[in-house]
Each structure stands twice: as C-alpha cells, then as structure tokens.
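Before using this chain in further calculations, please read the points below alongside the sequence and the coordinates. They go from conventions and overall dimensions to single residues.

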Amino acid sequence: MATIEIDSESGFCFGVVTAIRKAEEELAKSGRLYCLGDIVHNSNEVERLQSKGLQTITHDELRRLHDVTVLLRAHGEPPSTYRTAADNGITIVDATCPVVLQLQRRIHARYNELQSDGSHPQIVIYGKKGHAEVNGLVGQTDGNAIVVESIDELDRVDFSRDIYLYSQTTKSLQGFSAMVEEISRRRKAGFEYFDTICRQVANRIPRIREFARSHDLILFVCGSKSSNGKILYEECRQANPESYQISSADEIDPSWLSGKENIGICGATSTPRWLMEDVRRVASGMVQ
C-alpha cells in the first residue's frame with residue numbers, strides 16, 4: 001500500500017492565518033462581515049468563510065457601502081481605500097500582513113523624500129500587475145511607481161534617471177536577483193535596490209524542492225489565483241516531473257497514482273491544511 005505524506009511546512013503563512021483569525025472572530029460576534037477581495041486566493045477557503053457570513057466585495061461596491069464593517073486582507077490596500085472607508089463611516093478590520101505593511105511604509109517614506117528634493121527618480125516594483133499587494137504598493141507613490149513583471153518589461157524604465165527597486169513580498173529571490181543584475185548592467189545613473197521578499201515564503205522553496213524529490217508523485221494543492229502557488233508548483237515540477245497541480249480532491253486523476261508507492265501532498269501559502277487533508281483522504285481511497 002502506498003504511503004501518503006503532507007508536507008509539514010506547506011499551508012497558510014502567518015499573514016493569512018492572522019487574516020482568517022480576525023475574520024472568524026468578527027463573524028462570531030456579528031455574523032456578518034465584508035471582505036475587500038477574496039480573503040485568500042483559494043476558492044475552497046473563501047466558500048467556507050462565506051458559509052459563516054463573510055461577503056466578498058469589490059472596490060466599486062466598497063464606495064457604495066456605509067456604516068458597515070470591512071476586513072482588509074493580508075495583501076494590503078492603497079491609501080485611497082482608507083479614505084473611502086473614513087468618508088463612508090466604514091469600520092476597518094485591518095489584517096494587512098506586517099511584512100507588507102512595513103514595505104508600504106518604506107516605499108511611502110522614500111517616495112515622499114524623493115518628491116521633496118525634486119529629483120524625479122523612479123520607483124520600480126518587481127511584481128505582478130494588478131495583484132492586490134502590488135496595487136497597495138503603487139498607491140504609496142500616488143500611482144507613479146513602475147511595475148515590471150519580467151526583465152522584458154524593463155524597457156519602460158528610463159535608465160538615465162535614478163532607479164529605486166523594490167519587490168512584491170511573494171516573488172522569487174532568483175527572479176529578483178536577475179532583475180537587479182540586468183538593471184545594474186544597463187543603468188546610466190544611480191541605482192538602489194531593496195530585497196523586500198518575505199523569507200517565510202522564500203524559504204519554502206528549498207524545502208519544497210527537497211520534499212518533491214523525495215516522493216514518487218506530488219499533488220500540489222492551490223487555487224488558480226495564487227501567485228505564490230504558481231512559483232512553488234513550478235519548483236515542484238522542476239524537482240519532480242511527476243507533479244500535478246490541483247485545486248481540490250475532485251481533480252485527482254486515479255491514473256496518476258497507479259504504481260506509486262510514495263506520494264507527497266503540498267501547497268501554497270494560501271492553501272488551507274484542511275484541504276490538503278481532504279486530498280490525502282481521497283487519494284488514500286484510490287490507492288487501497
């Protein structure tokens with residue numbers, strides 16, 4: 001009979017754990033809470049909390065609400081969101097991850113400093129365009145930061161002007177290093193960079209590579225919207241070609257498990273433990 005193991009290091013990071021704890025505490029008190037965007041990039045967990053009274057809203061819907069309580073998820077929000085809440089009498093439950101909050105403050109302080117001296121330098125953010133965290137970071141610069149997802153997009157940067165590079169907290173260290181190297185090669189003015197990648201996330205990469213290599217088959221569990229999940233799954237796939245990404249146990253193909261004696265289950269920082277346990281339960285039934 002095959003053995004099936006869940007990676008002990010996989011699952012929610014502390015920022016997501018805190019956001020969900022705050023949501024559950026508020027729901028236990030009032031039975032109703034709005035959340036600006038999905039509380040976590042995992043539809044199964046979102047549905048679980050919706051059943052308890054959590055209602056996901058958009059920024060447009062936020063502007064139409066008055067005198068309610070709204071949770072801001074771990075990704076963080078731009079200053080404009082706080083202004084809207086204040087104008088509409090909305091009570092904020094702020095679950096912004098401390099790592100993200102510190103980064104927001106750093107970028108905001110640097111932007112104000114650079115604006116005051118009139119030098120018009122460029123703040124560049126290595127991150128995913130439209131991602132909630134990145135939107136919050138860009139908001140610290142009045143929308144003036146340049147977001148680049150890859151080296152190919154560096155043509156948008158003026159290398160004759162000073163450059164200040166930051167990173168979305170969940171990007172890969174390898175990608176950030178490549179960005180630093182390319183800007184250093186092409187720059188014609190000042191260049192400062194700041195490694196703002198969360199180590200709790202980054203440190204999972206060597207662990208997940210080792211975990212993937214030590215199993216015959218990997219079931220990687222994460223939602224389709226998870227940026228962190230895309231990075232970690234690719235690491236799994238490179239370490240072990242017999243890796244499959246699924247969002248729930250329903251997506252397991254029994255043929256994957258045939259002849260496998262050592263099966264590993266892991267996931268993203270947005271993957272709940274209960275979901276990985278469910279995948280293990282269903283997979284166990286398929287290999288008996």
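1. Helices (H or I, at least four residues) and strands (E, at least two) are understood here as DSSP runs, numbered from the N terminus. The structure is a predicted model, in which local features need pLDDT of at least 70 and side-chain atom pairs count only at pLDDT 80 or more, while totals for chains, interfaces and linings use all residues. Residues are numbered from 1 along each chain as its sequence is written, and side-chain values use heavy atoms, with hydrogens and water left out.

2. On overall form, the chain has twelve helices and twelve strands, and its C-alpha trace spans about 70 × 50 × 25 Å along the principal axes. For 288 residues a compact globule would have a radius of gyration near 19 Å, and the 21 Å of the chain agrees with that; the radius is taken over C-alpha atoms, and the globule rule is 2.2 Å times the number of residues to the power 0.38.

3. Taking contact as heavy atoms within 4.5 Å, residues 24 or more positions apart account for 70% of the contacts with a separation of 6 or more.

4. On charge, the mean positions of the 34 positive and 40 negative charges are 2 Å apart. Lys and Arg count as positive and Asp and Glu as negative, with His and the chain ends not counted, and each charge is placed at NZ of Lys, CZ of Arg, CG of Asp or CD of Glu.

5. The largest nonpolar core has 18 residues, of which Leu-219, Ile-252, Leu-257, Ile-263, Ile-265 and Val-279 touch the most other members; such a core is a set of buried Ala, Val, Leu, Ile, Met, Phe, Trp, Tyr and Cys residues joined through side-chain atoms within 4.5 Å. Two or more residues each are given to this core by strand E1 (3-6), strand E10 (217-221), helix H11 (254-257), strand E12 (262-267) and helix H12 (273-287), and the largest share, five residues, comes from H12. Leaving aside neighbours within four places in sequence, Leu-257 is in contact with Leu-217, Leu-219, Ile-252, Ile-263, Ala-283, Met-286 and Val-287.

6. Arg-207 lies in helix H9 (residues 204-213) and, because its relative accessible area is 27%, is classed as partly exposed. Not counting residues up to four places away in sequence, Arg-207 touches Asp-7, Ser-8 and Glu-9. From Gly-118, Arg-207 is separated by 89 residues in sequence and by 45 Å in space, C-alpha to C-alpha.

7. Ala-19, in helix H1 (residues 14-30), is buried, with a relative accessible area of 1%; apart from neighbours within four places in sequence, it is in contact with Ile-39, Leu-71, Ala-74 and Ala-95. Ala-109, in helix H5 (residues 98-116), is partly exposed, with a relative accessible area of 45%, and its C-alpha atom is separated by 9.3 Å from that of Thr-141, 32 residues apart along the chain.

8. Most residues other than glycine have a negative phi. Asp-67 sits in the loop between helix H3 (59-64) and strand E4 (69-72) and counts as exposed at 65% relative accessibility, while Asp-142 sits in the loop between helix H6 (132-139) and strand E7 (146-148) and counts as exposed at 63%.

Methods. Buried < 20%, exposed > 50% of the residue type's maximum accessible area, 1.4 Å probe, protein only.
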